[in-house]
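Open the model in your viewer and keep the selection tool at hand.

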Amino acid sequence: MQTQTLILIQCRDAVGLVSGLSNSITRHRLNIITMREYVDEENNKFFVRVVCSGQPQSTESLLEDLRNTLPQNAEIQINPTHRKKLIILVTKEHHCLADILTRHYFDTLQGEVQAVIGNYDTLKDFTEKFDIPFHHISHEGKTKEDFEQQVTDTIKTYAPDYIILAKFMRILSPNFVKEFEHRLINIHHSFLPAFIGANPYKQAHDRGVKIIGATAHFVTDDLDEGPIIVQNTKSVDHSYDLQRMKTAGKEIEKAVLTRAIQLVMEDRVILNGNKTIVFKS
């Protein structure tokens, strides 16, 4: 397979950016395979993801050329880390973790799961079947600060690129979120905020909802309101009892979370304030 060069750019919008960018890439004898761009007209920002065949003779030279071509203070990445490292945080539910570890085992996740951390040890044996370390860090009898500090210290020993909250049922403090800013990815049922608190599927079932769904998003201080990466829904009807609705919801949750992880692993997601730019193709 021929080597490729990936270029990610976000900068102030200006006339002629695509032309200038193409010329810079051509000067380094690279051939553009795909170029996906988006302009946020409201904020005058330009985003682009470029895949080229081949590698530049000098990445630094290409970077300098792009800096001279693009507006000042442009954010440029050339060939970000291909195999990103992941830490998974869990509580007791297994469905999202099982999907992630199975894909990791068969090398279809496009990321490396370094370890799983749980505030209960419920999923320890399952995790270790995949030869992945499991760290049990209980929250019981500890302050939130002490608990989160232990989790933080453990995460840092692995230096991960992203931390995945695979049904991790603890509300994170602003300090923890800041420590791993733009690196925390969560999954939740899309009933929020209509069905908040405990037993959202029971609340939905009692209300006779016709659509259930899930949302994968980056974590911010605003609970379940961070930039959205992926969403999906499924139609349900009166024939769904509570258990069937829960099962359907879990299927959507794990599919949405895995899709979000894959998009991030492939550097197809760019943060834009409280939104994301997602280049799916």
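Angles under 35 degrees count as roughly parallel, over 145 as roughly antiparallel, 65 to 115 as roughly perpendicular, and the rest as oblique. The angles themselves run from 0 to 180 degrees between N-to-C directions, with axes fitted as lines to C-alpha atoms, for helices over the stretch in contact. The model is predicted: local features need pLDDT of at least 70, side-chain atom pairs count only at pLDDT 80 or more, and totals for chains, interfaces and linings use all residues. Residues are numbered from 1 along each chain as its sequence is written, and side-chain values use heavy atoms, with hydrogens and water left out. Helices (H or I, at least four residues) and strands (E, at least two) are DSSP runs, numbered from the N terminus.

**Stop 1: α1 and α2**

Select residues 17–27, helix α1, together with α2. The two pack at an angle of about 155°, their axes 10 Å apart, and are therefore roughly antiparallel to each other. The crossing of α1 past α2 is right-handed; a crossing is called right-handed if the near helix is turned clockwise from the far one by less than a right angle, and left-handed if anticlockwise. Now show side chains: G20, L21, S24 and R27 of α1 make the contact with L62, D65, L66 and T69 of α2. Contact here means heavy atoms within 4.5 Å. By class, this contact has three nonpolar, three polar and two charged residues. Ala, Val, Leu, Ile, Met, Phe, Trp, Tyr, Cys and Pro count as nonpolar, Asp, Glu, Lys and Arg as charged, and the others, Gly among them, as polar.

**Stop 2: the four-stranded sheet**

Next, colour the open sheet of four strands, in the order β2-β3-β1-β4, with antiparallel pairing. Strands pair if DSSP finds at least two bridges between them. Which strands stand at the edges? They are β2 and β4 (75–78), each with a single partner strand, so one side of each is left without a neighbour in the sheet. Direction ignored, neighbouring strands of this sheet are turned by 10° against each other on average.

Select β2 (residues 31–40) and β3 (residues 45–53), which pair in the antiparallel sense over nine bridges. R36 has R49 in β3 as its bridge partner. Four residues lie between the two strands of this hairpin, and N44 in the turn has a positive phi of about 55°.

Move to β1 (residues 4–12), which pairs with β4 in the antiparallel sense over four bridges. Q10 is bridged to E75 in β4. Helix α2 (residues 59–69) packs on the sheet and touches β1 and β4; the direction of α2 makes about 155° with that of β4.

**Stop 3: the seven-stranded sheet**

The other sheet to colour is open and has seven strands in the order β7-β6-β5-β8-β9-β10-β11, with mixed pairing. At its edges stand β7 and β11 (228–235), each with a single partner strand, so one side of each is left without a neighbour in the sheet. From one strand to the next, the twist averages 20°.

Inside this order, pick β9 (residues 184–189) and β10 (residues 211–218): the two pair in the antiparallel sense over five bridges. The bridge partner of H189 in β10 is A214.

**Stop 4: helix α8 and its contacts**

Select α7 (residues 200–207) and α8 (residues 242–265), whose axes come within 10 Å and cross at roughly 125°. That makes α7 oblique to α8, and the crossing is right-handed. Y201, K202, A204 and H205 in α7 meet L242, M245, K246, G249, K250 and E253 in α8. The residues of this contact divide into four nonpolar, two polar and four charged.

On the α3 side, select H95, C96, D99, I100 and R103; on the α8 side, K250, E253, K254, L257, T258, I261 and Q262. This contact has four nonpolar, three polar and five charged residues.

**Stop 5: an aromatic pair**

The structure holds five aromatic pairs. Rings of Phe, Tyr and Trp (its six-membered ring) pair if their centres lie within 6.5 Å; planes under 30 degrees apart count as stacked, over 60 as edge-to-face and the rest as tilted. Select Y105 and F130: the ring centres are 6.1 Å apart and the planes stand at 80°, so the pair is edge-to-face. Y105 lies in α3 (residues 95–105) and F130 in the loop between α4 (124–128) and β7 (134–136), so the pair ties together parts that are 25 residues apart in sequence.
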